[in-house]
Amino acid sequence: MDQQAAMQLLDQIRRNMESCIYGKKDEIALMLTALIAGGHVLIEDVPGTGKTQLVKALAMSIGGVFHRIQCNPDLLPTDITGVSIYHPKLEEFVFRPGPVMANLLLADEINRATTKTQSALLEAMEERRVSVDGETHRLPHPFMLFATQNPIEFEGTYSLPEAQLDRFLMKIKLGYPDEISEKRLVLEPGASRAAESLKPVATVDDIAQMQQLAEGIHLEQTVADYLIALVRGTRQHGSVLLGASPRAAVALASAAKAFAFLNHRSFVLPDDVKAMSALVLGHRLHLRSEARMQGVTTSQVLQDVLRVLPVPVGMER
């Protein structure tokens with residue numbers, strides 16, 4: 001598959017998702033950006049805004065193996081990774097895979113799972129494998145985790161540890177639909193469940209090829225310097241206790257390449273870096289307590305850093 005064919009196929013996936021997810025073109029573009037970058041996504045919003053349907057629409061569009069976990073305090077790590085069970089006839093332990101063995105895994109309300117259970121996902125997110133009873137099992141390729149959480153419900157929830165937050169490529173919010181889209185959901189029969197009847201327009205092999213093509217998107221030296229200056233600037237801001245990590249810099253580069261690929265370009269622009277910065281870096285920054293009390297947000301911090309950075313011009317392509 002060449003780059004032109006891949007971009008056309010990506011447009012088909014986007015249109016397929018838009019046919020059942022109303023009024024969320026920008027959010028669909030972000031989901032596809034994460035898919036092409038091969039990263040995980042944390043979706044934070046209030047209940048009923050279509051988080052699960054959005055992920056399901058993506059899974060149906062690419063024909064991948066899709067599993068869903070409803071997280072709660074009783075969920076055990078083995079409920080995610082799988083468990084070895086003794087088989088009397090074979091007289092040996094046989095591995096029974098858990099729901100993590102999927103191309104797209106949805107961890108619904110992830111902050112309802114205990115920290116021990118959440119940690120079971122760390123190896124899967126970073127290494128694309130799980131270890132059970134001393135044996136390592138590779139996950140299908142490609143593998144992506146989509147996790148949802150409710151930002152306003154705190155009873156019975158557990159905050160995600162910093163190490164896990166750093167493994168999410170981006171954090172997005174859906175928000176409420178516009179009036180016209182919400183009216184369509186009410187008036188059209190089955191509109192709220194339309195994602196379940198979507199037909200695939202691509203395969204997971206197609207996605208794997210797209211990911212390889214996106215890795216080859218050109219990142220010019222001056223744009224890379226701009227990206228690094230942005231990441232390092234977050235560590236020097238007076239309101240920041242913990243700035244973006246080197247992993248964050250790699251993630252931002254991958255997201256910028258995927259975003260350029262989604263927009264039919266073979267090179268990264270500084271605008272791609274700026275467009276992805278809040279989504280990729282925002283959840284990785286930890287502000288000082290006095291800054292939070294003063295109402296400072298991570299978005300404001302990133303705007304402060306971007307404001308003083310010179311934008312590269314006259315890039316070679």
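**Exercise 1. Find the largest nonpolar core and the residues with the most contacts inside it.**

Solution. A nonpolar core is a set of buried Ala, Val, Leu, Ile, Met, Phe, Trp, Tyr and Cys residues joined through side-chain atoms within 4.5 Å. Buried means under 20% relative accessible area, exposed over 50%, and partly exposed in between (1.4 Å probe, protein chains only). The largest such core holds 74 residues, and Ile13, Leu58 and Met170 have the most contacts inside it. Helix α10 (residues 246-262) gives the most to this core, 12 residues; helices are DSSP runs (H or I, at least four residues) numbered from the N terminus. Apart from this core lies another of 22 residues, including Ile69, Val100, Met101 and Leu121.

The model is predicted: local features need pLDDT of at least 70, side-chain atom pairs count only at pLDDT 80 or more, and totals for chains, interfaces and linings use all residues. Residues are numbered from 1 along each chain as its sequence is written, and side-chain values use heavy atoms, with hydrogens and water left out.

**Exercise 2. List what Leu58 touches, not counting residues up to four places away in sequence.**

Solution. Contact means heavy atoms within 4.5 Å. With sequence neighbours up to four places away left out, Leu58 touches Ile13, Met17, Met31, Leu32, Leu35, Leu104 and Phe146.

**Exercise 3. Check the span of helix α5 (residues 115-127).**

Solution. The expected span is 1.5 Å times one less than the number of residues. For the 13 residues of α5 this should be 18 Å, and the end C-alpha atoms lie 19 Å apart, which agrees. Buried residues in α5 are Thr117, Gln118, Ala120, Leu121, Ala124 and Met125. Just after α5, Arg128 takes a positive phi of about 60°.

Terms used:
Helix = DSSP H or I, 4+ residues; strand = E, 2+ residues; numbered from the N terminus.
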